[in-house]
Amino acid sequence: MSPIGPEPGPPVALSTASVYPEPVAAGFELAAELGYDGVELMVWGDRVSQDVAAVGKLAERHGVPVIAVHAPCLAVTQRVWGADPILRIRRSVSAAERLGATTVVLHPPFRWQRRYAAQFADEVARAGEVAGVALAVENMFPVVRGRVRTVPYEPGFDPTEVGHRHYTLDLSHTAAAGTDALALLDRMGAGLHHVHLADGSGAPRDEHLVPGRGTQPCAEVLQRLADTGYGGAVVAEVSTRRLRTRYERAEVLARALLFARLHLQPTERRPGGVAPTTEGRREEQVPTASHEVARPTV
């Protein structure tokens, strides 16, 4: 499969979570093959993802830089890099520095992490003083079980309610939360530093569909980034875990990259100055799973 060449504008990277259940090495292989500008490293149960030296060798071997590190803050990664969540933040920042990445992606604390929740904002601000590394707090979503809707994050799933210097906008999470993605984009304002490009149907679960296959204004978000001179990165973070072959996985990830490249073109560079649209052309959905804490969905 021929790589999709880079265009002017924000870099488009591939999250290594997008190749699960293949290992982190497959993320670098596919990113290089398809023409992504870089990789976001998901640090989780994969031993290689926890080994900064090994990740550095993968980046060098495939010629694909690590542009972001996703800290181990999933429910299933609470023991990765130690049990202390503050130390995990600091270790994530250190890993980003060693790998030349400019961003660490973080989730808000869980409600049961009371001591951590009390320290989180101050630690993020302090750690963010490290030159060249931005700590971008991600929007999350409630959890629905039957008729019960709970918010597992403290103080909530919208980080703008607290206020941080940098944010990550996740478009699968806005779908699961029933949040207006464009309104959240506005609230993040100049603090928007990182984008997880995915889609969702509006069901109360984290689906990570290919952009354009759900209800989220993915094209509109990307067009706004292009037209406003957004200086961060866009990371394809889609679920491919039910796909059986490497070829199927590569095809889906190539579509995500093509979508990003198309809609990240500034309006004045488009033919006739008209923005491309996907209205009325929703593609057939690739099967994806509901959010399960035992999976590297984010």
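I count as a helix a DSSP run of H or I with at least four residues, numbered from the N terminus. The model is predicted.

**Helix α1.** I started with α1, residues 24-34. Its buried residues are V24, A26, G27, F28, L30, A31 and L34. I looked up what they pack against: β1 (12-15), β2 (38-42), α2 (52-62), β3 (66-70) and α8. Then I checked what comes after the helix. G35 follows α1, and its phi is positive, near 95°.

**Nonpolar core.** Which residues touch the most other members of the largest nonpolar core? I found F28, Y36, V66, L135, L169 and L225, in a core of 70 residues. Helix α8, residues 246-263, gives the largest share of this core, with eight residues. I also noted a second, separate core of seven residues. M140, Y153, F157 and A176 are among them. In soluble globular proteins, nonpolar side chains tend to be buried together.

**F28.** I went back to F28 for its contacts. Leaving out residues up to four places away in sequence, F28 touches V39, V55, L58, A59, H62, V64 and V66.

**H196.** Is H196 buried or exposed? I read a relative accessibility of 0%, so H196 counts as buried. The residue sits in strand β9, residues 192-197.

**Helices α3 and α4.** Next I took the pair α3 (residues 85-99) and α4 (residues 114-127). Their axes come within 10 Å and cross at roughly 20°. Angles under 35 degrees count as roughly parallel, so α3 is roughly parallel to α4. The crossing of α3 and α4 is right-handed. From α3, the contact uses P85, I86, I89, R90 and V93. From α4, the contact uses Y116, Q119, F120, E123, R126 and A127. I sorted the contact residues of the two helices: seven are nonpolar, one is polar and three are charged.

**L262.** Last, I looked at L262 in helix α8. How does L262 count at 35% relative accessibility, and why? Buried means under 20% and exposed over 50%, so L262 counts as partly exposed. I also checked L262 against L222, 40 residues apart along the chain. Their C-alpha atoms are separated by 9.1 Å.

Key
Residues numbered from 1 in each chain as written. Predicted model: local features only at pLDDT ≥ 70, side-chain atom pairs only at ≥ 80, totals over all residues. Heavy atoms only, no water. Core = buried A, V, L, I, M, F, W, Y, C linked by side-chain atoms within 4.5 Å. Buried < 20%, exposed > 50% of the residue type's maximum accessible area, 1.4 Å probe, protein only. Helix = DSSP H or I, 4+ residues; strand = E, 2+ residues; numbered from the N terminus. Contact = heavy atoms within 4.5 Å. Axes fitted to C-alpha atoms, helices over the stretch in contact; angles between N-to-C directions. Parallel < 35°, antiparallel > 145°, perpendicular 65-115°, else oblique. Left-handed = near helix turned anticlockwise from the far one by under 90°. Nonpolar A, V, L, I, M, F, W, Y, C, P; charged D, E, K, R; others polar.
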